[in-house]
Amino acid sequence: MSTAVPIVLAGARGHGRWHLDNIRRLQDKGIVRLAGVCELTPLTPAEIPEGLGTPEQSADFGALLDSTGARIAVICTPIPTHADLALTAARKGVHLLLEKPPAPSYAEFCRMADGIAEAGVVCQVGFQSLGSHAVPAVRALIRDGVIGEIAGVGGAGAWARAESYYRRAPWAGRRRLNGVDVVDGALTNPLAHAVATALALAGATRAEDVAGIETELAHANDIECDDTSCVRVTTADGLQIVVAATLCAEDPDDPYVVVHGSRGRITYWYKQDRVLLQRAGHGPEEFEHGRTDLLENLVEHLADGTELLVPPAVTESFMRVVEAIRVAPDPVRLPDDAWRLLPDEDRRVVPGVDGLVAAAADTLALYSELGAPWAFTTAHPKEVSP
């Protein structure tokens, strides 16, 4: 690329630090240039990675886009701000890398996606796992019938978060804040990749691919949202996708998605880009794949038309899950005897939940169907048509 693409980063603290480091990596390659940082409180020189110089800073996102001549905006701000900031950029002709989840409700997502399309700009949604070369590789294995007829897709995420995690920002762990949707639950934010990746491997990424959604939402922490939850998506062609998640694991491990077939299974650890193929009559085969960075892919798309990996349309079914969780009854507070505090780690654990998460992904059953003593069932009608 002959000239580096000027970029503005909105939200440079928290997860935004990862974006700063990634922009630095791409700037070193001559691909992009950090032109501006939008933060309510400006970054100190010590907060800007060495080599990024002194980008212009402002709390006024629109003005910063104008003054820097940014061509791409990276938005890594609180979930409720995504749609408005994305539309601000779109109206100025600025392309987008938008952190997941793209919006806190399906209506906000549609408003944003429609506005982006109308403005004629390009938006990449930050599901980094969908940049993995493992995704098309697994899809090819499925398409070629390597594990037979697909019986369903499971997802498992057994993670841990300290209680301080929910004190990091006013919106953390909230379903709503000041009357505005937030929906910062385990399945919609920290383990959103498990949901989006399971849907992608199932080939069910569009809104019309979803026929029904069931949710079971609970929390051990003193929060509004779910920290221990599962969801079952039934696709239009009858395939079942179950994703189980917890932020209260006893022994946290890497999340994964597993495709169940009539003659085998494929397990994909999406943070490692690692795939395990197990099938009848063969020994286990393991593959490690590369990954395309989503910001780099966006720049290449603008430069030469390289296919964009995660446009908003690819996240429609994920947003259907977000919407089902948003409109579900408030998550159930787990009884005091269902969790315990690990004082040294400042976190709450739910004994036995690691096994439940794995069993849900393995059997495509919800927590209540697996006999979890604290589980419950919430019946949900099919999703509203878009």
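This is a predicted model: local features need pLDDT of at least 70, side-chain atom pairs count only at pLDDT 80 or more; totals for chains, interfaces and linings use all residues.
**Entry 1: overall build**

I began with the secondary structure and found nine helices and 19 strands. Next I looked up the radius of gyration, which is 21 Å, close to the 21 Å that the globule rule gives for 386 residues, so the protein is as compact as a globular protein of that length. I then took the box filled by the C-alpha atoms along the principal axes, and noted roughly 60 × 50 × 40 Å.

**Entry 2: burial, contacts and surface**

I checked burial and found that buried residues make up 58% of the 386 residues. For contacts with a separation of 6 or more, I noted that 70% are between residues 24 or more positions apart. The accessible surface comes to about 15600 Å², and carbon and sulfur atoms hold 50% of it.

**Entry 3: charges**

I looked up the charges and found 34 positive and 52 negative ones. Their mean positions lie 2 Å apart. Side chains of opposite charge can pair when their charged atoms come close. How many salt bridges does a search of the whole structure find? I noted 26.

**Entry 4: Lys92 and Asp66**

I looked at the salt bridge between Lys92 and Asp66, where the closest N and O atoms are 3.0 Å apart. Lys92 is partly exposed because its relative accessible area is 38%, whereas Asp66, at 52%, is exposed.

**Entry 5: Arg291 and Asp273**

I then turned to Arg291 and Asp273, whose side chains meet in a salt bridge at 2.9 Å, N to O. They too link distant parts of the chain, being 18 residues apart. Arg291 is in the loop between strand S16 (285–288) and helix H7 (294–304), and Asp273 is in the loop between strand S14 (264–269) and strand S15 (274–279). Is Asp273 buried or exposed? I noted 9% relative accessibility for Asp273, so this residue counts as buried. Arg291 has a relative accessible area of 33% and is partly exposed.

**Entry 6: Arg347 and Glu345**

I found a salt bridge between the side chains of Arg347 and Glu345, at 2.7 Å from N to O. Arg347 is buried, with a relative accessible area of 5%. Glu345 is partly exposed, at 45%.

**Entry 7: a network**

Last, I asked which residues are linked in a network of salt bridges. I noted Arg25, Lys29, Asp293 and Glu296.

Notes. Residues are numbered from 1 along each chain as its sequence is written. Side-chain values use heavy atoms; hydrogens and water are left out. A salt bridge is a side-chain nitrogen of Lys or Arg within 4 Å of a carboxyl oxygen of Asp or Glu. Buried means under 20% relative accessible area, exposed over 50%, partly exposed in between (1.4 Å probe, protein chains only). Helices (H or I, at least four residues) and strands (E, at least two) are DSSP runs, numbered from the N terminus. The radius of gyration is taken over C-alpha atoms; the globule rule is 2.2 Å times the number of residues to the power 0.38. Contact means heavy atoms within 4.5 Å. Accessible areas come from the Shrake-Rupley method with a 1.4 Å probe; for residues, only the protein chains shown count as cover. Lys and Arg count as positive and Asp and Glu as negative; His and the chain ends are not counted. The place of a charge is taken as NZ of Lys, CZ of Arg, CG of Asp or CD of Glu.
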